[in-house]
Amino acid sequence: MTDHCVAKRLKVNGIVQGVGFRPFVFQLAEKFSLKGAVANTSSGVSIHIEGSPENVTSFEKELSEKSPPLAYIVEISIKTETVKNHAEFAIVKSKGQAKMSTLISPDVSVCDDCRDEMLAPDDRRYHYPFINCTNCGPRYTIIDDIPYDRPKTSMRQFKMCPLCQAEYDDPTDRRFHAQPNACADCGPHVGLYDNRRNEIIPHTHAVKKAADLLKAGHILAIKGLGGYHLAVDAANTVAVKQLRRRKLREEKPFAIMSYDLEGIRQYARVGSEEEKLLTSIQRPIVLLKKKKLSAISKEVAPGNKYFGVMLPYTPLHYLLLEHGFDALVMTSGNLSEEPIAIDNDDAFNRLSKIADYFLIHNRDIYLRSDDSIVRYAGGARRFLRRSRGFVPIPVFLKNEIPSILACGAELKNTICVTRQDKAFLSQHIGDLENLSTYEFFKLTIAHLTRILDLDPEIVAYDMHPDYLTTRYALELPADHKIQVQHHHAHIVSCMAEHKLGDAVIGLSFDGTGFGTDGAIWGGEILVAREHEFERAGHLAYVPMPGSAAAIKEPWRMAVSYLQNAYGSNFCNLDLPAVEKIDNGKLTVIAEMISKGINSPLTSSLGRLFDGVAAICGIRDRVNFEGQAAMELEMAALEDSDGVYDYGWGTDGAYKIFTAPIIQGVVDDVTNARPIGEISSRFHRTLICLFTELCVIIGKERELNRVVLSGGVFQNSILLTGLTRALEEKNLKVFSHQQVPTNDGGISLGQAVVAAATINR
Ligand SMILES: [Zn+2]
Ligand SMILES: [Zn+2]
């Protein structure tokens, strides 16, 4: 050692175990001729280095800048130590069974190195569909317990061959401690079966045969990373229609997968931001604007301007798509509304009436994880569903909170558990309307708390008395149970993402949420803090005739808004949307409204969108939640002007009248204005109206921060328009970038509200 030798201790926190971090440190130390050691600890990785000051500085720089793709560094602490004159740099075995509080990596796409090896005829893993390394492959979905070692994963049944074992043991190898490491001699295999479970072709030839069957128009169930997909050739309309019929999915768009970006550009527009999202290691489904002419069947996403598109993310996907498809439909392997199938027995039970053939494999999936869905809007990535590739990366909170379980909402459910300053949202669980989804909900809570080694003492849940999640929470033995109002949770989830503490103005816009007065809220202006909120404004109440039926049938909401705006005279309006309603039905609904029979009151903005869509004649019934509102947004013309009248009254809170807006829409419809123009005016009206109210409330309360949350903000015209208008008034605007703005992100808000409530 020279006189100039210095020593440092670096502690790295974050996702740094099981992601090739120690070999990376080892190679970096070699590069800069440093001596010392690296070891896993209970909170991450600890490094001791010694060498010249310049080299130590270079090491520190590259440690954070060039870390492996799966590593997620939260913090590096550095302190000077005494020089111990190490003879070499070593990877030291972890001491004992320290309580693991490190983070587990999500499942990510196959890396370029592995893909190139798989496609090289002289490689020993040529065409092997389960190739992986420390930089890629399955993680979260194959883990059963911690610590993350092979015996705690679904790879435990495969004993590594000597060649794989040698890679696994070699710190300089890309597969050093890659728990799912395998090859054709020792690892999992695919097999092709018919829907009576007769094996047709085993192993690698199965993939070629599967591609032939897809080309011939058959429906295949394909086992993937987080569950089964149902696949058909996206260019084959007959096959796509057949899949819709068998899956009981009438119009909801199907996601598609293409081999590469060039293929995607044949049918969709890919901007530079979308390209980044598509090629990211998480490989989410990305919403892309359709091109006018393409080979993709119209049945893939009827009535929609967008395709949901992803690139291949498993080796198997690449092998399949190599056979020259424009795109494959790759939709969740389930019947409408059920959880996606993961288990082979379960898949044959549930999917044999949908799929003609099954391309399966024998690496078990311990926990299902649907594909994530994102779009690029308003200058940022927005989640429509946060699942595979992102879970279980936590949201980092502004301070430490107690360990909490938040049960989420009824639709698009996710759960959230917290540990110190980290909030872990689960993968997408789904709509808790049937028993199998409820079972999956309970399974996810058990799994997530087990692999995070948590036993939450506080439970947060929604105020709605009938939610299954509420009943579940009430039956738990926890000491503290905190009920959280839905729209408050929405706003706090966004505050948590942006680490906001003090009071904000919150625009909480969605379809349904149980209010403190028992009404159904959804067009709310809150003045919110983490532990409390005040309802500063809201849409004036209208009845929802038939309750849940009014969500499925927007024409009922149209009648309610029309009756509210015109009284019983609305029947005389020259409106095609009203004329086509059966007279008997119309009388019944009008009576339900005036007498308040099975017609709960609502201030929901989602319902106002539905009502306006129905009045415009866009849709009087929906096949999936939010369909009418989505189609109204799609119809909007970019180059039109005009705003409808609007106004509000006060009785403690601002009560926004819907009648003038409805009257404006009706005038335009009766004057045969184009629907695109009406939609555009309606959006502009909402933007003006809410901006004006935020300015007023901001002045009254001395607040200048506005937080946007709730499913309605999936509407990008409203999100971008409102953001711009508020910013022009010098208000600071915050919207979701880490979790979905819809109910999929709400469990984060519930957890933070509960923590703030307990703390007081
Ligand atoms: Zn790899
Ligand atoms: Zn092997």
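Let's start at Cys164, which is buried, with a relative accessible area of 0%; buried here means under 20% relative accessible area, exposed over 50% and partly exposed in between, with a 1.4 Å probe and protein chains only. Keep in mind that this is a predicted model, where local features need pLDDT of at least 70, side-chain atom pairs count only at pLDDT 80 or more, and totals for chains, interfaces and linings use all residues. Side-chain values use heavy atoms, leaving out hydrogens and water, while residues are numbered from 1 along each chain as its sequence is written, and chains are lettered from A and ligands numbered from 1 in the order in which they are written.

For reference, the ideal angle for four tetrahedral donors is 109.5 degrees.

Cys164 in helix H4 (residues 162–169) and Cys183 in the loop between H4 and strand S6 (190–194) link distant parts of the chain, 19 residues apart. Helices (H or I, at least four residues) and strands (E, at least two) are DSSP runs, numbered from the N terminus. Cys183 also counts as buried, at 1% relative accessibility.

Now on to strand S20 (residues 422–425), which is covered on both faces: Lys422 and Phe424 on one side, and Ala423 and Leu425 on the other, are all buried. S20 runs antiparallel to S17 (residues 395–396), joined by 2 bridges, and Phe396 stands opposite Lys422. Strands pair if DSSP finds at least two bridges between them. S19 (residues 416–419) is also antiparallel to S20, with 4 bridges, and there Cys416 stands opposite Leu425. The hairpin of S19 and S20 has 2 residues between the strands, and Gln420 takes a positive phi near 50°.

Finally, which residues touch the most other members of the largest nonpolar core? In this core of 70 residues, they are Leu507, Leu605 and Phe690. Helix H21 (residues 675–701) contributes the largest share, 9 residues.

Note on methods:
A nonpolar core is a set of buried Ala, Val, Leu, Ile, Met, Phe, Trp, Tyr and Cys residues joined through side-chain atoms within 4.5 Å.
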